[in-house]
Amino acid sequence: MDLYEAIGRRRDVRAEFTDEPLDDEVLTRVLGAAHAAPSVGLTQPWDFIVIRSPSTKAAFHAHVRSERDTFAATLSGERRATFDRIKIDGVLESAVSVVVTYDPGRGSPAVLGRHAIADAGLYSVCLAIQNLWLAATAEGLGVGWVSFYREDFVRDLLGIPERVRPVAWLCLGPVSTLHTVPDLERHRWRTRIPLDEVVHRERFPTVD
């Protein structure tokens, strides 16, 4: 699979995880791809927490369900009906979870390239996540990014120090399929914006 094919096939997976285990060698390759990402000042400010424990997954899943209910309560009418049909995570079904964290102290105090953009380290972590996602896709695996959680809950659950930020809880593992159309489009939550609407020449467009 070439890069453009992996980009095109990449999906945020929720319902398609199987009960197959994930081979340790494959997991190492995927994490190696993530660790090869570029980072500001070569700080590599990420860590990867691999979670297989059913009890840890169950505790996180219960928290996610609570946060899902919190968000659902803000919706009404058609939006609520649409959201009720959307599965938001594959925590219990996926082979493993990988929590990706950001340590702003790594490489400090003189981080080359971060003096003017404080979030450059956080952007670096996002690049590692994208590398992981594309590598997993090339391996025929699925990845789902769970965003219905409170950072303090994850810190307490996994023993993460206060200075370290949990950026992503990723569900990872074999899947039955990768849909050609993303879930939120299939459920008519949102549609993609055409490329020509977001590409501009020389200056940002005038906003009315």
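This is a predicted model: local features need pLDDT of at least 70, side-chain atom pairs count only at pLDDT 80 or more; totals for chains, interfaces and linings use all residues.

Visitor: Why is His-61 called buried?

Guide: Buried means under 20% relative accessible area, exposed means over 50%, and partly exposed lies in between, using a 1.4 Å probe and protein chains only. His-61 has 18% relative accessibility, so it counts as buried. This residue lies in helix 3; helices are DSSP runs of H or I with at least four residues, strands are runs of E with at least two, and both are numbered from the N terminus.

Visitor: What does His-61 touch beyond residues up to four places away in sequence?

Guide: Its partners are Asp-89, Val-91 and Leu-92, where contact means heavy atoms within 4.5 Å.

Visitor: Which other residues of helix 3 are buried, and what do the buried residues pack against?

Guide: The buried set also includes Thr-56, Lys-57, Phe-60, His-63, Val-64, Glu-67, Arg-68 and Ala-72. Among the elements that the buried residues pack against are strand 1 (46-51), strand 2 (96-102), strand 3 (141-146) and helix 6 (151-158).

Visitor: What makes helix 3 roughly antiparallel to helix 4?

Guide: Their axes come within 11 Å and cross at roughly 160 degrees. Angles over 145 degrees count as roughly antiparallel, under 35 as roughly parallel, 65 to 115 as roughly perpendicular and the rest as oblique, so helix 3 is roughly antiparallel to helix 4. The axes are lines fitted to C-alpha atoms over the stretch in contact, and angles run from 0 to 180 degrees between N-to-C directions.

Visitor: Which residues make that contact?

Guide: Helix 3 brings Arg-68, Phe-71 and Ala-72, and helix 4 brings Arg-80, Phe-83 and Asp-84. They divide into 3 nonpolar, no polar and 3 charged. Here Ala, Val, Leu, Ile, Met, Phe, Trp, Tyr, Cys and Pro count as nonpolar, Asp, Glu, Lys and Arg as charged, and the others, Gly among them, as polar.

Visitor: How do helix 2 and helix 5 pack?

Guide: Helix 2 (residues 24-35) and helix 5 (residues 120-138) have axes 7 Å apart, at an angle of about 145 degrees. Val-30, Leu-31, Ala-33 and Ala-34 in helix 2 meet Ala-128, Asn-131, Leu-132, Ala-135 and Ala-136 in helix 5. Those residues comprise 8 nonpolar, 1 polar and no charged.

Visitor: What makes Leu-42 and Ser-108 with Pro-109 worth a look?

Guide: Most residues other than glycine have a negative phi, and most peptide bonds are trans. Leu-42 is not a glycine, yet its phi is positive, about 50 degrees. A cis peptide bond joins Ser-108 and Pro-109, with omega about 10 degrees.

Visitor: Is Leu-42 buried or exposed?

Guide: Leu-42 has a relative accessible area of 68%, so it is exposed. This residue is found in the loop between helix 2 and strand 1.

Note on methods. Residues are numbered from 1 along each chain as its sequence is written. Side-chain values use heavy atoms; hydrogens and water are left out.
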